[in-house]
Amino acid sequence: MGTLNIEELLNQMTIEEKASLCSGADFWHTEVIERLGLPAAMLSDGPHGLRKQDKTADHLGTGESIKAVCFPTASAMACSFDRELIYNVGSALGEECQAENVNVLLGPGINMKRSPLCGRNFEYYSEDPCLAGELGAAFVNGVQSQGAGTSLKHFAANSQEWRRMSISSEVDERTLREIYLAAFEKTVKKAQPWTIMCSYNKINGTYSCENDWLLNKVLRDEWGFEGLVMTDWGAMNNRIEALKAGLDLEMPSSHGETDKLITAAVKDGSLPAEVLDKAVKRVLELVDKSITNKRHASYNKEEHHSLVKKTAINSAVLLKNNGVLPLSGNENIAIIGQFADIPRIQGGGSSHINCFKTESALQALDNAVNAKYTYSQGYATDKDETGTVLLEEALQNAAAADVAVIFAGLPESFESEGFDRTHLNMPECQNHLIEEIYKVQKNIVIVLHNGSPVAMPWLDKAGAVLEMYLAGQASGAAAVDLLFGRANPSGKLAETFPLRLEDNPSYLNFPGSRDKVRYSEGVFIGYRYYDKKHMDVLFPFGYGLSYTTFRYSNLRIETGGVVANNCPGTIPKIQDTDQVKVYVDITNTGNMAGAEIVQLYVKNFIGLENR
């Protein structure tokens, strides 16, 4: 039982008042109806932190927002493969929403990583819909456990920034359902987010906001979604058709313009009154949830900062190690790279968090590690040019050290909301720096800060590569703990790093023409394609090293109450309706404590039984 009497409110409202509830009152709030005592619900950008704006308002991250906690981005967190960890991050963000009087956090983003070039890939979990759906559900359940809502986005087939306001994603139904809708379906069924945010783009010629098949038939009728559907900010085309298609709330404010269209359409009979009532009821239900679940809350920023560090550690992926890591602490270390001092911790655009503090690797070295080190900037992030003075200083320090630890990656100008990348390369000045350092120092460790895959022309020269992704405001401290073996890297890649951009299955059809982008690769995105083609990659999906070793043994498969031991071998016959359970024993056979991510891949063998 909620706080509002929704049916009574509907009966008391005029058509004009109902129409006003179908768009925002301003940039972040739903409409207030003072005559009926109806308050507003407040929405705020996320998803890996709270970007609440008190005064200025924008959806591209240019305006000032409150001081908040920046957690690792989705591209990093997905590498943990850890539902519980993601749930805890969501729960922490739910606490922050309550403390800041935010009712709905705009996230998570669970679009598929069709191409490594999508400028917003850092906000998305994976190229795999199963993984994205499991983590998306965990995040939503975490936030909503604290009485704040979420907005699952961007629904659907939104895998690029190029002409995102108008491009039509041309994709067959099987591919839509198995790849681009599957993570949404799993999250809806497992977590029931309060709201879903439709994307800007068209799907097979119809805008997402007015796609009756997508919003009414699939989302609500088939999946049982119970909440409200809103637009992305400015993603409205035809307001009347959108209402008919199941789009309830237009954001931000239309300044009354679409309200007039709705009112006129109801009065002339072109929009059935019951369609409007259905949308208004969902807005009222959202406001009711916001009132009913309101808590007098506070949170400890330092405790959440500790959770950021834990999440960053558990999400980091050790891509290469010839034995140089972990560092003993007795070495003379040359720390090189601007990211060691000013780490890149998040992406650009609407998810950009105004951090209450940032902990760099240099700060962590000074505060927590008794290490002998020198620091040289090595490069600048504001331009891709090799600075002679910076390079010479780095070379001098590297030559005098026992090991060089180079912090490198992508500056914000290389990847952000609003534009797609055009290549996989890091800035040339950084690649050149690594090559030059190798000439004077053979023990090189590369620590990467990037939101999506990069090419590594220097990989054969690196003794170790630690992929941090964009790991939030404690990323420097997390990297130091990992480098010195205070923590054991356990993350696995949630996306494929290809050898070349041309190897990606979407290469010939990304980002498409001015009007259309054809998903001609079908269901074969990411590792599905590389596996089917037997293609070499730089690093495969699910890959990650450790400082310790693990032994897998005693694999068992149970179905229909029958257990098959010592697989592979004869397994019980599996019926379509059977639930299958797989068990395996994992033993740490190394000298360090560590965690292991067990991965199970399932393949359809129909028609192969006689081969």
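Me: A salt bridge is a side-chain nitrogen of Lys or Arg within 4 Å of a carboxyl oxygen of Asp or Glu. How many salt bridges does that rule give?

Reply: The count is 36. Keep the source in mind: this is a predicted model, where local features need pLDDT of at least 70 and side-chain atom pairs need 80 or more, while totals for chains, interfaces and linings use all residues. Residues are numbered from 1 along each chain as its sequence is written, and side-chain values use heavy atoms, without hydrogens or water.

Me: Take Glu222 and Arg177. What is their N to O distance?

Reply: Their side chains form a salt bridge at 2.9 Å, N to O. Glu222 sits in helix H8 and Arg177 in helix H6, so the bridge ties together parts 45 residues apart in sequence. Helices (H or I, at least four residues) and strands (E, at least two) are DSSP runs, numbered from the N terminus.

Me: Which parts of the chain does the Lys190 and Glu134 pair link?

Reply: Start with the contact: Lys190 and Glu134 meet in a salt bridge at 2.9 Å, N to O. Lys190 is in helix H7 (residues 182-191) and Glu134 in helix H5, 56 residues apart. Lys190 is partly exposed because its relative accessible area is 46%. Glu134 is buried because it reaches 12%.

Me: Now the backbone. Which peptide bonds are cis?

Reply: Most peptide bonds are trans, and most residues other than glycine have a negative phi. Here Gly107 and Pro108 are joined by a cis bond, omega about 5 degrees. Pro108 is in the loop between S3 and H5. The bond from Phe155 to Ala156 is also cis, with omega near 15 degrees. Ala156 lies in the loop between strand S4 (149-155) and strand S5 (168-170).

Me: Where does Phe81 lie?

Reply: Phe81 is in the loop between helix H3 (74-77) and helix H4 (83-99). Its phi is positive, about 50 degrees, although Phe81 is not a glycine. His255 has a positive phi as well, about 55 degrees. His255 is in the loop between helix H9 (239-245) and helix H10 (257-268). Phe81 is partly exposed at 23% relative accessibility, whereas His255 is exposed at 71%.

Me: On to voids. How many cavities of 30 Å³ or more are there?

Reply: Five. On a 1 Å grid over the protein atoms alone, a cavity is a set of points where a 1.4 Å probe fits but cannot get out; a pocket is an open set with protein on both sides within 12 Å along at least five of seven lines; lining residues have an atom within 4 Å of a point. The largest cavity has a volume of about 90 Å³. Its lining has 13 residues, with Lys113, Pro116, Glu127, Thr496 and Asn504 nearest its centre.

Me: How much space lies in the largest pocket?

Reply: About 1800 Å³. A volume is the space filled by probe spheres set on grid points, which are joined across faces, edges and corners. The largest pocket is lined by 49 residues; Asp128, Tyr527, Leu600, Tyr601 and Val602 lie nearest its centre. Elements that each supply at least two lining residues include helix H12 (301-315), helix H17 (527-533) and strand S18 (550-559).

Me: Is Val602 buried or exposed?

Reply: Val602 is exposed, because its relative accessible area is 75%. Val602 lies in the segment after strand S20 (580-588).

Technical notes: Buried means under 20% relative accessible area, exposed over 50%, partly exposed in between (1.4 Å probe, protein chains only).
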